[in-house]
Amino acid sequence: MNDNGKKLTLMSLILMIFTSVFGFTNITRAYFLMGYSAIPWYILSALTFFIPYAFMIAEFGAAFRKETGGIYSWMNKSVNSKYAFVVTFMWYTSYLIWMVNVSTGIWVPFTNLIFGKDMTSTFAFLGLTAPKVLAILAILWMLAITFLSSKGLDKIQKVTSVGGTFVALINAVLIVGAILVLIFNGFELAQPITATAFTTSPNAAYQTPLSIFSFLVFALFAYGGLEVVGGLVDKTENPEKTFPKGITLAAIIVAIGYSVGILCVGFFSNWSRDLSGDTINMANVAYLTVGNLGYYLGDSLNLSQGVCLQLAAWFSRFVGLSMFLALTGAFFTLIYSPIKQLIEGTPKQIWPKKLIKLDDNGMPVNAMWVQCFIVVIIIAITSFGGDTSSAFLNYLILMSNVAMTIPYIFIALAFIPFKKREDIERPFVIYKSKGAVLVATAVVVITITFANVFTIIQPILENRDYVSTIFQIAGPIVFTVIALVLFGRYERNYLRKQ
């Protein structure tokens, strides 16, 4: 395999992490749900989950820098192969559902870019309804992304670098624009900072302990996805130094970026004036908020209302462009890294020989196309199969909800036996004592366990929706059973013969 010139630099790695983890919409949605009081929850989530977990990922990656299998290799070397396979398989399947979801949803920011507002509900072509047209676009999207990403890591790196740059750029626009509005308005905040601003939400729906706990879960999951880049350690320049440095810098930037971004929204957005309307929801709040930034920037400069409205429209288009490119960058990373970790890390005897074959660029092309066709089939069935099939997609999303984050718990638990091993070279170490290892692991495991338990029981507590709870529990169980069946067959057909 020829990797010359295709290694990830520190900046490329940081931008790849940024596109995988950081979601600009998490800022605007957090402000919409909780106002300034979202900031302490984001800081708490960073301290109890994201930062300690990022340091674990950095230590794993630096120690196993020559391994190609990412999180599977880490858990296999630290615990055992069955543990590693079950967790990795569950983690991977949740990303399949993510692809189904995002390949359809990505057209919302695209239409905001073109038209200045979401037009997906008006899509109609040759007698097909909007959901069916979106499904066809999603299928074409999957085929195109798989084709391009299968051409090599350098193609993925270029797209994710553009996506990461625009994620950073939209945040720069938000922060700089908000500060300019603040200055031009004589340092008068649109949303005043009062004694209770950081403890009480202006949103009437977020006053009870139940609703506040649900927001904590939202804040925790805003930091998810860091382990995706674990499969890229062997593709990184000077991995023992570059990988932990990239993880550490990206984690700090993401954690600070969320809190600063939420604070800056309050510089130009008054919650009661701008976000209390019936037409504002989680889907459109990002476009409306950035559009408001454009309007109030013009207003603070005493421009005419017509010019202010034009600025609002262009700012909305810019957020559409940024989010479209950010999701595209994330898609390129997630269409390759999870399948790479599953195919290259796990025992080769589990899979058909053609599936694990790498091309001249070191890409698991056959596996990527199989993955593509699985996603395409799910999109086609759920979009063209009527109401029952549509409900099936909702159940699949519920099943992957918890399955996507449970692996964080098992990766963190694997950190304890990993640290006990004395035969591993460790070029990067954060946790230097047994006490620090145990405390960090306990904090991460307890935090994510709470988030998952609350996510599972929330439908029952809020709406007595037992079906959603059952499917969220069923997801990890079903994926675990499938993984155990695959691994059991491998044990019978290969390990016992050995």
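Because the model is predicted, local features are reported only at pLDDT of at least 70 and side-chain atom pairs only at pLDDT 80 or more, whereas totals for chains, interfaces and linings use all residues. Residues are numbered from 1 along each chain as its sequence is written, and side-chain values use heavy atoms, with hydrogens and water left out.

Helices in this account are DSSP runs (H or I, at least four residues; strands are runs of E, at least two), numbered from the N terminus. Two packed helices are described by the angle between their axes and the distance between the axes. The axes are lines fitted to C-alpha atoms, for helices over the stretch in contact, and the angles run from 0 to 180 degrees between N-to-C directions. Angles under 35 degrees count as roughly parallel, over 145 as roughly antiparallel, 65 to 115 as roughly perpendicular and the rest as oblique.

Helix H3, which spans residues 38-63, packs against helix H9, residues 209-221, at an angle of about 55 degrees and with the two axes 9 Å apart. This angle makes H3 oblique to H9, and the crossing of the two helices is right-handed, where right-handed means that the near helix is turned clockwise from the far one by less than a right angle, and left-handed that it is turned anticlockwise. From H3, the residues Ala38, Trp41, Tyr42, Leu44, Ser45 and Phe49 take part in the contact, and from H9 the residues Ile212, Phe215, Leu216, Phe218, Ala219 and Leu220; contact here means heavy atoms within 4.5 Å. Sorted by class, the contact of H3 with H9 contains 11 nonpolar residues, one polar residue and no charged residues, with Ala, Val, Leu, Ile, Met, Phe, Trp, Tyr, Cys and Pro counted as nonpolar, Asp, Glu, Lys and Arg as charged, and the others, Gly among them, as polar.

Within helix H3, Ala38 counts as buried, because its relative accessibility is 0%; buried means under 20% relative accessible area, exposed means over 50%, and partly exposed lies in between (1.4 Å probe, protein chains only). Ala38 and Phe215 are 177 residues apart in sequence, yet their C-alpha atoms are 8.1 Å apart in space. When neighbours within four places in sequence are left aside, Ala38 is in contact with Ala30, Phe215 and Ile262.

A second pair of helices is formed by H5 (residues 81-105) and H17 (residues 406-420), which pack at an angle of about 150 degrees with their axes 9 Å apart. H5 is therefore roughly antiparallel to H17, and the crossing of these two helices is left-handed. In this contact, Tyr83, Val87, Met90 and Trp91 of H5 meet Ile406, Pro407, Phe410, Leu413 and Ala414 of H17. The contact of H5 with H17 comprises nine nonpolar residues, with no polar and no charged ones.

Across the whole structure, 36 aromatic pairs are found, a pair being two rings of Phe, Tyr or Trp (its six-membered ring) with centres within 6.5 Å, and planes under 30 degrees apart counting as stacked, over 60 as edge-to-face and the rest as tilted. One of these pairs joins Tyr223 and Tyr258 in an edge-to-face arrangement, with 5.3 Å from centre to centre and 80 degrees between the planes. The pair links distant parts of the chain, as Tyr223 lies in the loop between H9 and helix H10 (239-268) and Tyr258 lies in H10, 35 residues apart. Both Tyr223 and Tyr258 are buried, and they belong to one aromatic cluster together with Phe22, Tyr42, Phe50, Phe215 and Phe218.

Further residues were examined individually. Thr289, in helix H12 (residues 285-300), counts as buried because its relative accessibility is 1%. Apart from neighbours within four places in sequence, Thr289 is in contact with Thr28, Val265, Phe268, Ser269 and Leu275.

In the loop between helix H8 (153-184) and H9, Phe187 has a positive phi, near 60 degrees, in a residue other than glycine, and Phe187 counts as exposed because its relative accessibility is 60%. Glu188, placed in the loop between H8 and H9, counts as exposed at 58% relative accessibility. Glu188 touches Leu182 and Phe267, not counting residues up to four places away in sequence, and the C-alpha atoms of Glu188 and Phe267 are 7.9 Å apart although the two residues are 79 residues apart in sequence. Asn302, in the loop between H12 and helix H13 (305-345), has a positive phi of about 60 degrees although it is not a glycine, and Asn302 counts as exposed at 71% relative accessibility.
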